[in-house]
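Good morning, colleagues. Please look at the structure on the screen while I describe a strand pairing and then the chain as a whole.

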Amino acid sequence: MSIGMDSVSFAYGDTPICRDLTWTLPESGVVCLWGPSGCGKTTLLRLLAGLERPISGQVNRPETVSMVFQEDRLLPWLTALENVTLPGADRQTATEMLSAIGLSPEEVQTMPVNLSGGQQRRVALARALAAEGDLLLLDEPFNGLDEATWQTAVPLIADYATRRPVVLVTHILAQAEALGAVMLPLPGIPLTGRWPKGENLSENFTAKP
Amino acid sequence: MSGKVRRLLIGLGVAVFWLAVWAVAAVAIGQELLLPTPWLVAATLWRLVLEADFWLTVGMSLLRVVGGFATAMVVGSLLAVLTTRFRVVHTLFSPLLHVVRAAPVASFIIMAYVWIKVGILPAFIAFLMVVPLVWENVRQGILHTDPKLLEMAHVFRLGRYRTLLSVRFPSVRPYLVAALTTGFGFAWKSGIAAEVICQPKMSIGQNMYAAKAYLETAEVIAWTVVVVLLSMVLERLLLRLFKRQEGKA
């Protein structure tokens with residue numbers, strides 16, 4: 001089954017976000033949703049994550065999904081390591097992932113409240129990567145990280161993307177470029193159309209009043 | 001000087017101050033019936049402790065209050081879950097919450113006196129006073145569980161059991177602990193009040209009532225001291241138990 005959306009329509013109340021949208025993700029690689037605020041980027045991620053139900057059409061999701069939300073969404077009563085093992089990663093994998101993303105052994109055993117904002121963000125990234133979902137959704141994953149720090153996470157995400165599809169939402173073009181992402185510009189709402197249309201990536205969604 | 005020792009010394013200082021105020025007032029009044037001295041109360045307490053029935057009496061009162069309190073914790077939590085989950089249950093049961101809260105405890109004691117055996121009536125009253133508190137607190141805890149954390153649990157497919165254990169229960173825990181500490185005091189006060197009014201055998205309330213009838217003010221105060229001490233010790237034990245559980249979690 002290919003991951004994506006089939007003739008999906010969705011609206012928040014009276015505001016339509018997408019209408020009859022068809023979208024198939026590649027089997028691997030990073031796709032970057034690109035567009036102005038309010039153009040439906042996060043909503044598309046939420047539909048793929050199963051957090052929103054389409055009004056009509058079908059969202060084809062894999063068995064397991066990993067996600068980095070706009071906020072860290074760490075459990076404050078668990079240590080960094082416990083947060084990463086919660087979705088199912090074993091302790092060794094979780095420890096290795098936290099270490100690869102730049103946390104010290106002491107920080108790994110620390111409660112989120114005692115970590116800096118950047119460290120908490122890295123724990124959220126490590127949780128999503130260690131969970132090894134069949135689809136990785138990243139909503140502004142480098143929020144609050146300086147360039148040197150997010151650059152350390154780039155090879156980890158790129159490696160993940162060699163085996164599974166990754167959908168990225170970001171406002172910073174350099175981050176998409178560093179991940180070698182296929183850019184998918186979203187023109188505005190409501191989104192409609194089909195992607196990809198043959199090889200020509202310029203023929204993607206359109207916004208219709 | 002460590003913070004703990006400092007706090008202990010301050011606590012002792014405060015206790016000594018109020019004991020001194022009590023002693024001066026008692027000596028100034030000079031009537032045991034109106035206000036006995038602290039040393040007379042201490043001697044009375046010591047005499048009571050040495051009596052054969054003391055521990056049995058305390059044990060029975062404790063059993064009633066703790067029994068009512070524990071049942072209230074379970075039933076209150078269950079009601080909180082049901083009223084949060086099902087709107088119809090909330091609509092049906094929430095007026096009861098307001099009635100129990102607003103009505104004076106003495107009304108319930110007198111009403112229940114007609115329906116319930118004297119031996120378990122204090123437990124029932126303690127239960128009735130604590131249930132609304134647990135119910136409302138736990139309900140607030142459930143309603144205030146961060147929806148974003150629940151979304152995270154949903155996306156990562158934690159499943160019902162792990163979501164309950166890792167997200168829902170820790171979110172409710174502070175509300176439950178607040179209910180526990182306030183509720184325990186409530187249970188003691190209402191349970192002993194019920195014992196004084198309906199006088200079940202082997203109870204602190206019955207002894208207090210008898211002491212009052214014989215104008216033994218020192219004994220009334222000595223029994224009150226027993227209730228206060230027990231309440232403090234048990235409340236601390238419960239809190240420690242919760243903190244240990246928190247450490248394990």
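In this predicted model, the bridge partner of A:V65 in strand β6 of chain A is A:L135. Strand β5 of chain A covers residues 65-68, and β6(A) covers residues 135-139. The two strands run parallel and are joined by four bridges; strands are said to pair if DSSP finds at least two bridges between them.

Which way do the residues of β5(A) point? A:V65 and A:M67 point one way, A:S66 and A:V68 the other way, and all are buried, where buried means under 20% relative accessible area with a 1.4 Å probe, protein chains only. In a regular strand the side chains alternate between the two faces of the sheet.

I turn now to the whole chain. Chain A has seven helices and 10 strands, these being DSSP runs of at least four residues for helices (H or I) and at least two for strands (E), numbered from the N terminus. Its radius of gyration, taken over C-alpha atoms, is 17 Å, close to the 17 Å of the globule rule for 209 residues, so chain A is as compact as a globular protein of that length. That rule is 2.2 Å times the number of residues to the power 0.38. Of the 209 residues, 53% count as buried.

On conventions, residues are numbered from 1 along each chain as its sequence is written, and chains are lettered from A and ligands numbered from 1 in the order written. Local features need pLDDT of at least 70, side-chain atom pairs count only at pLDDT 80 or more, totals for chains, interfaces and linings use all residues, and side-chain values use heavy atoms, leaving out hydrogens and water.

How values were computed:
Buried means under 20% relative accessible area, exposed over 50%, partly exposed in between (1.4 Å probe, protein chains only).
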